[in-house]
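Hi,

Here is the structure I promised to pass on.

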Amino acid sequence: MNEPEGLRFRRLNRPQIITDETHEPQFKTTSTYSGKVFRVTLLSLVAFLLFPLLVLIFLIDSPIQPEAFSLNEPPLMTGCYEPNLILRQAERLFEEQLIGPESLANIGDVLYTGTADGKIVKIEGKNMHVLTTLGKPPCGSHEQEHTCGRPLGIRVGPNGTLFVTDAYLGLFEVNPVTGEVQSLVSTGKMIGGRRLGFVNDLDVTQDGKKVYFTDSSSRWQRRDFMHLIMEATADGRVLEYDTESKEVSVMMENLRFPNGIQLFPDEESVLVAETTMARIRRVHVSGLNKGGMDTFIDNLPGFPDNIRRSSSGGYWVAMSAVRPNPGFSMLDFLSQRPWIKKFIFKLFSQETLVKFVPRYSLVVELQDGGTCVRSFHDPHGMVAAYISEAHEYNGYLYLGSFRSPYLCKLDLSKV
């Protein structure tokens, strides 16, 4: 045997050393096969369990029938809308004693507001007491709200009485001393072929002859406000009550969630917050343009609630939710995707959905032309949350809330 043949023989008959590496391919193959079987079995089981659930969800009717609508890209949070922490300088008053003080009015140094548990309260300095209630107890829960009542807008008339809108019960006049209540317009009354469904905010002319108020929806009540926002149907109205003739007239209809209302100085028109559309409309209620409507300001950085006059002659606009830019606005995203809204409401309750709305409080002061003068912010709503109104009096801005258990007071001389 020559040398090359011997080398080949030794290579062919070289003893193999068995190590862990030698069995690794076989081990991996077995493991991979077992893993695949496990994954297929797991996915099949998940599909088997989820399929009936998905079919059930598909078959369940959604409580809302949303309409697609278009919003412009939100304005950049720069310039007048530049974020700040000014609202965090506010002082909380009557914490855990005052639930949801939606709107505010004052007669001298005495403040009046309505609460989430159906009361109208009177605030004198550090003292607070119940002036009256409009509905019937028990109060305090979602199920009881429609009978208990929910006072929202509140204004002082020229004769020194309070005009109050209750979301469920209608329009009232209240004596601020005795608490005596007079019903002016009941929600059981048919107006323009429809009953009042969600009486919201109001304003009164200087002579007290006319009261203008909003009916946010004929389909949804206040306790279902998220349904109204997400459905976005144009079934809201602006109404006029004549205190002499006792007649109620429709001034404007087909609005998407008309909310706060404020008379113009000439009293020939009113500003109306069209919340769903993130804009403020000007509705002409008398004069040559009566029956007409135009836009006071469009594409706000948030969803407007109540509108009130500022000491500079402008308007305070409160917003409890913003449309961040840069950032992501869920309501803007969903505005043209009604099928997603329907699906969401099949899965989640209103109480759950509210928790997903970012707590960002914003108050903007606007001039007559709709130009922004200044803005006050509280990112994350750490001090002032769920703001519904900014009421200015004697150098302070009182911040109402549709949900928070307190009233906020901001010293304007320090901002």
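Below is what turned up, by region.

Some ground rules: this is a predicted model, where local features need pLDDT of at least 70, side-chain atom pairs count only at pLDDT 80 or more, and totals for chains, interfaces and linings use all residues. Residues are numbered from 1 along each chain as its sequence is written, and side-chain values use heavy atoms, with hydrogens and water left out.

Let's begin with the open sheet. Four strands make it up, in the order β6-β7-β8-β9 with antiparallel pairing (strands are DSSP E runs of at least two residues, numbered from the N terminus; two strands pair if DSSP finds at least two bridges between them). At the edges sit β6 (151–156) and β9 (181–186), each pairing on one side only. β6 is joined to β7 (residues 162–166) by four bridges, and R155 faces F163 in β7.

Next, a hairpin. Strand β24 (residues 387–393) has six of its seven residues buried (under 20% relative accessible area, 1.4 Å probe, protein chains only). Six bridges tie β24 to the antiparallel β25 (residues 396–401), with I387 opposite S401. Two residues lie between these strands, and N394 takes a positive phi near 55°.

Last, F333 belongs to helix α5 (residues 330–334) (helices are DSSP H or I runs of at least four residues).

Cheers

Note on methods:
Buried means under 20% relative accessible area, exposed over 50%, partly exposed in between (1.4 Å probe, protein chains only).
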